[in-house]
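Here is a short briefing on how some strands pair up in a protein model. Keep the sequence and the 3D view open as you read.

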Amino acid sequence: MTRVRVLTLNAALGPLDYRVPPGLEGDVLPGSIVEVPLGPRRIIGVVWDQERLPDDSEVPDAKLRPIFAALPVPPIPAPLRRLVEWVADYYMAPLAAVLRMAMPAGVAVGERVITEYRLSDTSPARLTPQRAQALERIGEFQASVSELAEKAEVSVAVIRGLIKAGALEAIETSADAPYPAPLPTHAAPSLNGEQHAAANRIIQAVDAQQFQTFLLDGVTGSGKTEVYFEGIAQAVRTGGQVLVLLPEIALTQPFLKRFEARFGVAPTPWHSGLKQSERRRAWSAVARGQAQVVVGARSALFLPFPQLSLLVVDEAHETSFKQEDGVRYHARDVAVMRGKFEECPVVLATATPALETRHQVSLGRYEEIKLAARFGGAQLPEITGIDLLETPPDRQRWIAPPLVAAIDETFEKGEQALLFLNRRGYAPLTLCRHCGYRIQCPHCTSWMVEHKITHRLACHHCGHVMPSPRACPECKEEDALVACGPGVERIADEAKALFPQARTAIVTSDTLWSPEKVAEFVASVEAGAVDIIIGTQLVTKGYHFPNLTLVGVIDADLGLEGGDLRAAERCFQQISQVAGRAGRATKPGRVLIQTRMMGAGVIKALLSGDAERFYAAEAESRRHAEAPPYGRYAAIIVSSESADAAAETARRLGRAAPQRDGLHVYGPAPAPLAQLRGRWRHRLLVHAARTTNVQGVIQHWLGSVNWPTSVRVNVDIDPYSFL
């Protein structure tokens, strides 16, 4: 091969042709990671299959520049290259942008020995407040200069000053240290008959090494993890690799602990919380086939496994598997496609399957494996509704009297309770009682959320924070600002007032921001150091606390607001999942759901436990509206820092909208979140029949319209967010 096509990581460039110099022919093959010239620079790219990227205007051989080098790392495997192509095509993303996810910055190249720093025994002669803060927060942490600065929330200069003062010492770390191999026979569990049959079916699929998607549908506490662990054990025995996807980084730490108890060693983690050296080590070990089991967030889907034998998506119903920026892919669906390209089985494990997944089962494309009962004789909790119209809480309170009484009874038995409200912070809105002013984010059309613990107001869309003001920014009246509505912090304050002796823990992404924080929380609950957990959706899944017997849902109606296509389904899934935290061991559990909508279909289904009836009604309403999974949606999001430019581009797109049978375009209209991160936004929604080639239609449509370079037009295929 003397001529190759190289896909760079720059979406603006597209594929480029290069010449292979003598001596490199055997090292430069499709998938090889190479260093190539671009003007005066050296850049990284991947040699791609030339027939997959046709080019009508090829550069003559004589004008081709030579490749500098083939990097000494394993190539990107062919199945992963096919996945990259499929994701780019289906989600209408640049091929290079998808490839970047398979080659995150700094993992494929760079030094194999890394210098990190940790605390030494020397104290600095001059201890400034910034240095003291850094030393306190670094603790036992060891990392690069920039990572230490980020953890300590100080500047890089402060860290370098501590190094110069001898307070931090350098440690050479190997980026290629091997991971210990899991032990398939270590602490093998005793499965019941139902679990044993389910595990055998997955083991058969692993042995056959054929593509098959399984829906492992088991009630909460039925032992789904133990079942697919047996599939993992079989893959490890046969020398294969396994990927387990989790929806939240907060779930990683409890899962690692559980995995280690079963297999004797921890799996290889992959998530955004890893240090750069850890990411390099994990990527390299995966590419060389040395990391046998990887547990990670959705981005782990694009790791270069050479021998993938099993892929598991845990909590497969979770909407957080949908990426909402950059390449807007859904990890559940991409996992199925990766299994197809790798010719390996895929397990979607969940207690509340998404309607789309159930539909695939009904079509015979997925095979359902059911676990109908909890493991070890544990019973599903009793679920009761509290009608807030009949028994409301006291004024400026949110915990109704029946739930207060239930918490009292729980404490008398020495057991633990969980209060669920899917709203972070103290209050979702702060307004002035004097002039009515509502504090809004300066960059988004959203209210600033009060966080009492940190004494700040925060935007949950763009991350903007500001100190909580004493005076109204509008009328300057002091002490006139009032918090409206509850968040978990406010519920925690109420719980402390009602139960002064109770020890509480608030569980949100604000309090559990790292695996270490999650481990601390889990240890404290298991040790009995927490009486009441107050949490958001972060606590609805993955946790097993034997002494937790009561779950109270503060506002079951909250998830039904906003007119979202999947609002009822998401509400059912979320409350079912949080209900499943109660009574998971020998002690019986109960769940109390506070609602003002006792007659709503989703509330009736939750109270009766009739999931099948709920899903049948939900499917019928979707079928009638030709909504997913019976029809298709695609969103066109137009944004600009100029409100006029965004509106004008949206109008142009609206005027050029395609007219054809089986396809409707709604809009343009200002997005519900009309401004986000300083950019004004308009949306158009494409509604099409399942048989319509939506991507092809949109490609032709957008190609017929011109807009200013300051305007972004993004496409979201199969959208989950309608903001």
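Predicted model: local features only at pLDDT ≥ 70, side-chain atom pairs only at ≥ 80, totals over all residues.

Residues are numbered from 1 along each chain as its sequence is written, and side-chain values use heavy atoms, with hydrogens and water left out.

**Terms**
- Strands are DSSP runs of E with at least two residues, numbered from the N terminus.
- Two strands pair if DSSP finds at least two bridges between them.

- Three strands make up an open sheet, in the order 18-19-20, with antiparallel pairing.
- Strand 18 (449-451) and strand 20 (465-467) are the edges; each has a single partner strand, so one side of each has no neighbour in the sheet.
- On average, neighbouring strands here are turned by 30° against each other, direction ignored. The axes behind such angles are lines fitted to C-alpha atoms, and angles run from 0 to 180 degrees between N-to-C directions.
- Strand 19 (residues 456-458) is joined to strand 20 by three bridges.
- L457 has M466 in strand 20 as its bridge partner.

- Is strand 25 (residues 590-595) largely enclosed or left open? Five of its six residues are buried, so the rest of the structure largely encloses strand 25. Buried means under 20% relative accessible area (1.4 Å probe, protein chains only).
- Strand 15 (residues 382-387) pairs with strand 25 in the parallel sense, over six bridges.
- Strand 24 (residues 548-553) also pairs with strand 25 in the parallel sense, over four bridges.
- V591 in strand 25 is the bridge partner of I383 and of V551.

Methods:
Buried < 20%, exposed > 50% of the residue type's maximum accessible area, 1.4 Å probe, protein only.
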